[in-house]
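Keep the sequence and the model in view while reading.

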Amino acid sequence: MSDDDEIILADLNDEDLVAQMFDDLYDGMKEEIEEGVNILIGRGWEPYRVLTEALVGGMTIVGADFRDGILFVPEVLLAANAMKGGMAILKPLLAETGAPTIGKMVIGTVKGDIHDIGKNLVGMMMEGAGFEVVDLGINNAVDGYIDALIAEKADILGMSALLTTTMPYMKVVIDTLIEKGMREDYIVLVGGAPLNEEFGKAIGADAYCRDAAVAVETAKTWMARKHNRASAG
Amino acid sequence: MSDLDAQLTDAGLQPSGGGKVLLLACGALAHEILALRAANGWDHLDLQCLPAIYHNHPERITPAISAAVAAHKDSYQRIFVVYADCGTGGLLQAACAEMGVEMISGPHCYSFFMGNEAFAAADDMTAFYLTDFLARQFDAFVWRPLGLDRHPQLLDTYFGNYTSLIYLAQTDDAALTEKARQIAARMGLTFIHRRTGYGDLTSALAQA
């Protein structure tokens, strides 16, 4: 592209800027996303509106194209990295403005497993959807999960594993929750490449989530059920 | 990529039609199985390989094995599946049990080459593994599919939690060892060379 064709983000109206940010997010252009976020904030947009309309809106397209086999993992990671850049600007502002929170999730990769790409994507998309996320990182033993659930007063436990050898550890965590009489206090979501629906059911999770978009929708559905139960009770 | 490796990666290998026992294997194991068959005179073993690139698409393994068993079960006295779990999350094991065919035990080929017991005890959580085949085909199986040829900045996203690359060598090949060493350097990982030979694969095929 020649200099003459270069798009000046600040010259675009709000609608065109958001459309351009969708394209930039899709192309993994982190600096452009950061610039776009700053422009919208400068124009008086609420941080929550920037998050939902510009970033989550764009990542929803990325997620759909990944699901449909149009985009692949590298491109999704680049898009996620761009979104992360925008989120870093918005996070402190969201905290200041008291943006709505749907629920709180403790998430981590299980003991013996160092893989965190999927977990990180889920955490970021959950934050984008309005959840508060406490990320425990990789290689988490059962006590770490349970201590965090209690300390953070979490609603949701998210566990991730990439290896056939480590995914059974999810059952150890769920069984411990049952032993301690805590299982019904939390929504338990599991995910990771070798997992499937049957495995999720067999270990006693509430749901298996095959990707980050499904995790967000599943979490929203289960949180709504939880609220309905609380209201009925 | 050699012609045979290219074929094993994308198309696999068709059985010759000889032998009483059909081995249904991953294309990444073809060289090792053929070497063991020749060295031990196991002429009763015929070999069909599925495309080795299924290593990157474990969801394709179980349906492909089920179809191959259905296609060949009347032509052989016995079928033995030379896949470990290989990321199928137990689905391959369940399918084999339902079809009444046996498979090699272990989570994946790194494990049975090293010996399943030794692998389980090793606790190399932060190690990235290569075999002879994967060392030869690293770009086709790892670097390009992960987009690292186009987006090298993703290296840390993929491998930031790894500390070492363990090359489990089936053969003594100085050039391949050097290649594995260079791959480790490219990934920023400490290089470890372990000569495993064929590990548990030998005993599994002896009983097949």
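The report covers the basis of the model, then the domains, the chain interface and a pocket.

## Basis

This is a predicted model, in which local features need pLDDT of at least 70 and side-chain atom pairs count only at pLDDT 80 or more, while totals for chains, interfaces and linings use all residues. Residues are numbered from 1 along each chain as its sequence is written, chains are lettered from A and ligands numbered from 1 in the order in which they are written, and side-chain values use heavy atoms, with hydrogens and water left out.

## Chain A: two domains

Chain A splits into domain 1 (8-97) and domain 2 (104-232). The bounds come from an automatic or database domain assignment. Their centres, taken over C-alpha atoms, are 26 Å apart. Twelve residues of domain 1 of chain A touch eight of domain 2; contact means heavy atoms within 4.5 Å.

The two domains of chain A bury about 910 Å² between them, 79% of it from carbon and sulfur atoms. On the domain 1 side, Arg67(A), Leu77(A) and Met87(A) lose the most area, together 32% of what that side buries. Buried area is the accessible area (1.4 Å probe) that two parts lose on being put together, summed over both.

UniProt, in an unreviewed entry, lists "domain: B12-binding N-terminal" at residues 8-102 of chain A. UniProt positions follow the numbering used here, feature names are shortened, and annotations may be inferred rather than shown by experiment. The span is 76% helix and 0% strand, with end C-alpha atoms 36 Å apart. Helices (H or I, at least four residues) and strands (E, at least two) are DSSP runs, numbered from the N terminus.

## Chain B: two domains

Chain B has domain 1 (3-103) and domain 2 (118-195). Their centres, over C-alpha atoms, lie 25 Å apart. Eleven residues of domain 1 of chain B contact nine of domain 2. The area buried between them is about 740 Å², with 61% from carbon and sulfur atoms. Asp5(B), Glu32(B) and Asn56(B) supply 47% of what domain 1 of chain B buries there, more than any other three residues.

An unreviewed UniProt entry places "domain: DUF1638" at residues 49-204 of chain B. That stretch is 44% helix and 16% strand, and its end C-alpha atoms are 17 Å apart.

## Interface between the chains

Contacts link 19 residues of chain B with 18 residues of chain A. The chains bury about 1,500 Å² between them, 65% of it on carbon and sulfur atoms. In chain B, Met125(B), Tyr158(B) and Asn161(B) lose the most area to chain A, together 36% of what that side buries.

## Second largest pocket

The second largest pocket holds about 290 Å³ of space. Domain 1 (8-97) and domain 2 (104-232) of chain A both give residues to its lining, so the pocket lies between them. A pocket is an open set of points on a 1 Å grid over the protein atoms alone, where a 1.4 Å probe fits, with protein on both sides within 12 Å along at least five of seven lines; lining residues have an atom within 4 Å of a point. Grid points are joined across faces, edges and corners, and the volume is the space filled by probe spheres set on them.

The lining of the second largest pocket has 15 residues, with Leu94(A), Thr101(A), Glu127(A), Phe131(A) and Glu132(A) nearest its centre. H4(A) gives the largest share, four residues.
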